[in-house]
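Try each task before reading its solution.

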Amino acid sequence: MKMAPIPAWLDNATSALVEETLSMLIKRHANILLAVILFGSVARHEERPLDDSCPSDVDLLAIFDTTDRLVKPYREDIFATIIDACALHLDAPREVNVLLSDRTMQTWDAMFLDNIAHDGILLYARGSLPAQLAARQSLQERLEDKGVTR
Amino acid sequence: MQQGYSSRDSHFLSCHATLQKYQQHRDKHQGLTAYLMGLGEQRLAQWWRNFEDVRQAGFYGNQAGEREVQEALDLLERIRTWATA
């Protein structure tokens with residue numbers, strides 16, 4: 001998983017909200033934020049369009065340098081940051097959801113982690129990826145080197 | 001449990017609570033965060049997103065224990081207190 005910009009297929013207003021959310025999380029929580037990954041339908045470019053009755057949300061996974069599953073005691077402050085970013089971009093047609101994760105990632109479903117490693121777009125990382133993701137990434141790269149595709 | 005709480009409470013929040021407080025009704029639950037912020041309820045939007053995180057984490061397979069359930073219940077209590085105040 002390599003660092004990449006916000007996908008160009010996202011509309012400008014939602015893209016600005018993602019950028020704001022990312023920027024504020026980095027600025028206010030730099031000491032504990034390890035990585036932010038875009039995942040789900042938008043990452044795969046399979047999102048429901050804006051003229052759909054229920055357009056897809058944007059899903060971000062934010063990984064923090066803690067072993068607490070609920071990312072306490074930082075949790076309330078992190079959501080305050082997310083809401084502050086939203087307040088600046090109320091015109092964004094897609095909602096941006098941010099899932100919080102601790103660095104061990106041990107309680108996540110294996111299939112979810114596989115999908116993140118396969119489809120996820122790394123928007124920010126400080127240092128190496130958590131072991132749960134790095135191991136999957138490494139396996140995926142080895143398989144691709146051997147010509148095995150999903 | 002969290003999933004059940006969320007659909008029931010998002011309906012409560014979007015339809016009944018905002019109707020009671022603001023004489024406004026919303027048919028869709030999507031975009032609830034921006035809707036609440038448009039009403040000036042930033043703190044409520046924050047609690048809602050916090051609650052949604054617990055629910056969505058469960059949806060994506062994060063194993064919920066007693067702490068997650070308690071976190072969800074605490075947030076719902078705050079939301080209910082707001083709605084009925």
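**Exercise 1. A strand and its neighbours**

Is strand β1 (residues 33–39) of chain A mostly covered or mostly uncovered? Find its partners as well.

Solution. Note that this model is predicted.

- Step 1. Count neighbours: a residue is buried if 20 or more other C-beta atoms lie within 10 Å of its own. By that test, six of the seven residues in β1(A) are buried, and the strand is mostly covered.
- Step 2. Look for bridges. Six join β1(A) to strand β2 (residues 58–64) of chain A, and the two run antiparallel. Ile63(A) in β2(A) stands opposite Ala35(A).
- Step 3. Turn to strand β4 (residues 121–125) of chain A. Four bridges join β4(A) to β1(A), again antiparallel. Here Val36(A) has Tyr124(A) as its bridge partner.

**Exercise 2. The nonpolar core**

Which residues touch the most other members of the largest nonpolar core?

Solution. 

- Step 1. Take the core of 52 residues. Val36(A), Ile37(A), Leu38(A), Leu60(A), Leu61(A) and Ala62(A) touch the most other members.
- Step 2. Ask which element gives the most to this core. That is α3(B), with seven residues.
- Step 3. Zoom in on Val36(A). Leaving out residues up to four places away in sequence, Val36(A) touches Leu22(A), Leu25(A), Leu60(A), Ala62(A), Leu123(A) and Tyr124(A).

**Exercise 3. A helix of chain B**

How far does helix α3 (residues 42–59) of chain B reach from its first C-alpha to its last?

Solution. 

- Step 1. The helix has 18 residues, and at 1.5 Å a residue 26 Å is expected.
- Step 2. Compare: α3(B) reaches 25 Å, close to that value.
- Step 3. Check burial. Of the 18 residues in α3(B), 13 are buried.
- Step 4. Look past the helix. Gly61(B) follows, with a positive phi near 95°.

**Exercise 4. Where the chains meet**

Solution. 

- Step 1. Chain A brings 19 residues and chain B brings 21.
- Step 2. On the chain A side, α2 (75–87), β3 (96–102) and α3 (110–119) each supply at least two residues. The largest share, seven residues, comes from α2(A).
- Step 3. Sort that side by class: 14 nonpolar, two polar and three charged residues.

**Exercise 5. Chain A as a whole**

What pattern does chain A follow along its sequence?

Solution. 

- Step 1. Chain A has four helices and four strands.
- Step 2. Read in order, they give α-β-β-α-β-α-β-α.
- Step 3. A compact globule of 150 residues would have a radius of gyration near 15 Å; chain A has 15 Å, so the two agree.

Methods. Residues are numbered from 1 along each chain as its sequence is written. Chains are lettered from A and ligands numbered from 1 in the order in which they are written. This is a predicted model: local features need pLDDT of at least 70, side-chain atom pairs count only at pLDDT 80 or more; totals for chains, interfaces and linings use all residues. Two residues are in contact if their C-beta atoms, placed from the backbone, lie within 7 Å. Ala, Val, Leu, Ile, Met, Phe, Trp, Tyr, Cys and Pro count as nonpolar, Asp, Glu, Lys and Arg as charged, and the others, Gly among them, as polar. The expected span of a helix is 1.5 Å times one less than its number of residues. A residue is buried if 20 or more other C-beta atoms lie within 10 Å of its own, exposed if 12 or fewer, and partly exposed in between; C-beta atoms are placed from the backbone. Two strands pair if DSSP finds at least two bridges between them. A nonpolar core is a set of buried Ala, Val, Leu, Ile, Met, Phe, Trp, Tyr and Cys residues joined through C-beta atoms within 7 Å. The radius of gyration is taken over C-alpha atoms; the globule rule is 2.2 Å times the number of residues to the power 0.38.
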